[in-house]
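Student: I would like a close look at a single part of this structure, the contact between its two partners. Please describe it in one connected account.

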Amino acid sequence: MKALVAVKRVIDYNVKVRVKADQSGVDLTNTKMSINPFDEIAVEEAVRLKEAGVIDEIIVVSIGPKESQEQIRAALALGADRGVLVQTDAKAYPLQVAKILKSIAEQEATDIILLGKQAIDDDNNQTGQMLAALMGIGQGTFASEVKVEGDKVNVTREVDGGLQTVALTLPAVITTDLRLNEPRYAKLPNIMKAKKKQLDEKTPADFGVDMTSKQEIIKVVPPAERKAGIKVASVDELIDKLRNEAKVI
Amino acid sequence: MAILVYAEHDNASLKKATLNTITAAKQIGDEVHVLVAGSGNQAVAAEAAKAEGVSKVLVADNAVYEHQMAENIALLVADIAGSYSHILAPATTTGKNFMPRVAALLDVSMISDITAVIDAQTFERPIYAGNATATVKTTEDKIVLTVRTTGFDAASAEGGSATIETVTSVQESGKASFVNEEMAKSDRPELTSASIVVSGGRALANGENFTKYIEPLADKLGAAIGASRAAVDAGYVPNDMQVGQTGKIVAPDLYIAAGISGAIQHLAGMKDSKVIVAINNDPDSPIASVADYFLEADLFTALPELTSKI
């Protein structure tokens, strides 16, 4: 079986973002970039399925600027077999990304397609679902457990009231939640080996996908600031403030 | 053209998230229809018909919709999408699961988690874990949106008298089936709609301390209980109690954070709360920068004292 894993280059999750003064977006100059944390979990899950003998080959794809190859190399160092960089400087919206991933998944005849449930920059939570719809296959979103049994996969999903398990016919799309696994660290020899692994470079045009979207971000502003609060000295003072000043209890 | 709102429900009753979504729909246009897809869900349809501002309720009552599987629901919504300009669902796990599928079937882009309606084509939404707000404009013929329920007031559950119409279309993908579910049982108010939330973090140290220190305070206040990711990962409480970028988004009147440092990802889930109280022994923790009232204290003495004095 083959797995396809999609990874996105995003601002590191620990970075406090700054909105640009011209309201055109978030300032990314000289900020630390990483693999989207949910995608790292997707890579880890694919590697574990390979270690369990379920999967033979893991292909990792990233769609974005040239620098996204750093994230592909990082995924290769974690255990993926080869990479595909679909290079574009256009803003990659989920529908266009899903269309490219569909082409690759079909060309490579992959059985399990793993994505993070959302990218921590755009917070869309759309791409995996769109990909499954375009391919006409099942989806196991927000997965916290994945069990492959023959030509089916059972996925336990994190839903609002608790957990739900669904059975999907392969091929299927799975999007990862944080609790699916604990990603490993890449060891130095593996980082060196990853440099020699195959990395194909493509463009969206190779898949006949036009990156223009009918959606456009008009402006980006910082959220409303909360006014500074006060320190209370005791529980009594806290209760007094909540009752008489904030009037919330 | 009319606007379609997808109803969130459990086949027995309508969830409040639907009423918040109806409010968002009313800000876009006048004619709002609600789709109630499920199994044995006629009572839910009757409830939806009473919601203020709804002119028509569509009921799809079939076993294939019982668990709201995205594969089937998306086919159904795409099938009836023809007569609607906008399709909205609450940004719950159900809405997040099937709506992007609807958009892809219609070959349109989608806007997730809107917090404000500027006009029929322009919306606001948070990005970067709520650290920036984007204004997004779409020129798609059909506009597919999920709605952050804490961004809109709930429409009144009474006062409407919509007509109820049956949808006969039965859509089954055959690619996915429901196996089982384990729902956390609780008599407390639902976390996302509670007016008071008491949350605990890693400093609680174990699950028993949640029961001993957090629960009595929540009981006294009639509050829901939340948790930080650290508390969930450590196994103190189930994951559906997690508040944050990857968990639930809450905006209660009062949010009490006990033993939570206030990582960016946690703040993303609660910083729109009206009043934030933090109880922490570290005055330099990031939660102090968003708290209206900060009590520097050991939570194991402060929580029982607070519980007994309220």
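Tutor: What follows treats the contact between chain B and chain A, and then some features within the chains. The model is a predicted one, and every value below is computed from it.

The contact draws on 81 residues of chain B and 77 residues of chain A. Between the two chains, about 6800 Å² is buried, and carbon and sulfur atoms account for 53% of that area. On the side of chain B, Tyr128(B), Lys175(B) and Tyr293(B) provide 11% of the area that this chain buries against chain A, more than any other three residues.

The polar part of the contact can be counted in two ways. There are 48 residue pairs in polar contact between chain B and chain A, with both partners at pLDDT 80 or more. Sorted by class, the residues of chain B that touch chain A comprise 37 nonpolar, 22 polar and 22 charged ones. Side chains of opposite charge can pair when their charged atoms come close. Five salt bridges are found between chain B and chain A. One of them joins Glu296(B) to Lys231(A), with 3.0 Å from N to O.

Strand S9 of chain A, residues 162-169, runs antiparallel to strand S11 of chain B, residues 176-183, and seven bridges join the two. Within this pairing, Leu168(A) stands opposite Ala176(B) of S11(B). The loop between S9 and strand S10 (172-176) of chain A contains Pro171(A). The peptide bond that leads from Leu170(A) to Pro171(A) is cis, its omega being near 0°.

Another backbone feature of chain A is found at Asn30(A), whose phi is near 55°, a positive value in a residue other than glycine. Asn30(A) belongs to the loop between strand S2 (9-11) and strand S3 (33-35) of chain A.

Over all chains, the salt bridges number 31. Among them is the pair of Glu57(A) and Arg82(A), with 2.7 Å from N to O. Because Glu57(A) lies in strand S4 (residues 57-64) and Arg82(A) in strand S5 (residues 82-87) of chain A, the pair ties together parts that are 25 residues apart in sequence.

Note on methods. Residues numbered from 1 in each chain as written. Chains lettered and ligands numbered in written order. Predicted model: local features only at pLDDT ≥ 70, side-chain atom pairs only at ≥ 80, totals over all residues. Heavy atoms only, no water. Contact = heavy atoms within 4.5 Å. Buried area = accessible area lost by both parts, 1.4 Å probe. Salt bridge = Lys/Arg side-chain N within 4 Å of Asp/Glu carboxyl O. Polar contact = N/O pair within 3.5 Å; in protein donor to acceptor, adjacent residues only side chain to side chain. Nonpolar A, V, L, I, M, F, W, Y, C, P; charged D, E, K, R; others polar. Pairing = 2+ DSSP bridges. Helix = DSSP H or I, 4+ residues; strand = E, 2+ residues; numbered from the N terminus.
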